[in-house]
Amino acid sequence: MTTTTTVLIAEDEPLAAEALADWVKATPGLQLVAVCADGEDALEQIRALKPALVLTDIQMPGMTGLQVVREIQHDAHQPRIIFTTAYDEHALTAFELHAVDYLLKPFSRERFDEAVAHVLRDAAPTTAEVAQALGTPADAPLTRLLVRDQGKIFPLQVEAIESLRSDNKYTAITAKGRSFLVRLPIASFETRLDPARFLRLQRGCIVNLDFVDSMTPDENSQLVVQLRDGTRITANREVSKMLREQSL
């Protein structure tokens, strides 16, 4: 038996709303139940129609999409949320760190399909987690992030992260013997990580010093850092010099 997912769109830009509505109607298993042009109407319709999925812009007349999410975070009905936004880098970072699905304007049908597939397949974060994620100050220390793996979302404590490596536009995070891709550049993490624990060895690599087994100078006097899992990473000259100066 095929399950139908009811969808509500909250979007004040007519062209964006029209594109989303067309894509929802063209996607098997999705049923459009309402299109709202402002936050107050969206809140009322979400509570009345109880859609399974809400596609909402953040900036809307009356109430923002985030304010709508905050209003419903304690309701009995908890729809899954996908934000449609032209929002700033802080919000996009918050989306990624908390596994919140979003469509960045101008969005494409491909990204729409990907985001919808994520929320239908994965254990989506709760509306309370979404509200908390987007309310966190941009410079707040990072203590936990949500990662996707094999169709599931689960929390990862920052102290469990062994290393972070740049992978084009993504960052590969190694923890507990596994690797997870987050759609953020590695620079997005550096200022949010505890500098007493995390060290950037080179432009594309940050390690957790708690998981370092040893540091050995090579023929160029640069330190080769070996992690507990056997991974070896050569620190750049500046970092190598700093580490040697700090050693007793």
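# Salt bridges, sheet and cores

Q: Quick one. What is the relative accessible area of R47?
A: R47 comes out at 37%, so it counts as partly exposed. Buried means under 20% relative accessible area, exposed over 50%, and partly exposed in between (1.4 Å probe, protein chains only).

Q: What sort of model is this?
A: This is a predicted model: local features need pLDDT of at least 70, side-chain atom pairs count only at pLDDT 80 or more, and totals for chains, interfaces and linings use all residues. Residues are numbered from 1 along each chain as its sequence is written, and side-chain values use heavy atoms, with hydrogens and water left out.

Q: Which residue forms a salt bridge with R47?
A: D75 does, with the closest N and O atoms 2.9 Å apart. R47 sits in helix α2 and D75 in the loop between α3 and β4, so to speak distant parts of the chain, 28 residues apart. A salt bridge here is a side-chain nitrogen of Lys or Arg within 4 Å of a carboxyl oxygen of Asp or Glu. Helices (H or I, at least four residues) and strands (E, at least two) are DSSP runs, numbered from the N terminus.

Q: How many salt bridges does the structure hold?
A: It holds 10. E13 and K105 make one of them, at 3.1 Å between the closest N and O atoms. Those two are 92 residues apart, E13 in the loop between β1 and α1, K105 in the loop between β5 and α5.

Q: And K105, buried or exposed?
A: K105 counts as buried, because its relative accessibility is 17%. E13 is partly exposed at 40%.

Q: Which residues do salt bridges with shared partners join into one network?
A: E11, E13, D57 and K105.

Q: New topic. In what order do the strands of the open sheet run?
A: The order is β10-β9-β8-β12-β11, with antiparallel pairing. The edge strands, β10 and β11, each pair on one side only. Two strands pair if DSSP finds at least two bridges between them.

Q: How many bridges pair β8 with β12?
A: There are 3, in the antiparallel sense. R165 has C205 as its bridge partner in β12.

Q: What does R232 touch?
A: Beyond its neighbours within four places in sequence, R232 contacts R165, V224, V225 and Q226. Contact means heavy atoms within 4.5 Å. R232 belongs to strand β15 (residues 232-234). R232 is exposed, because its relative accessible area is 55%.

Q: What about the hairpin?
A: β13 and β14 form a hairpin with 5 residues between them. S221 in the turn has a positive phi of about 65 degrees. The two strands run antiparallel, joined by 5 bridges, and V212 stands opposite L227.

Q: Last thing. How many residues has the largest nonpolar core?
A: It has 26. L8, I46, V69, F83, F95 and L134 have the most contacts inside it. A nonpolar core is a set of buried Ala, Val, Leu, Ile, Met, Phe, Trp, Tyr and Cys residues joined through side-chain atoms within 4.5 Å.

Q: Which elements give two or more residues to this core?
A: β1, β2, α2, α3, β4, α4 and α6. Apart from this core lies another, of 19 residues, including L156 and V182.
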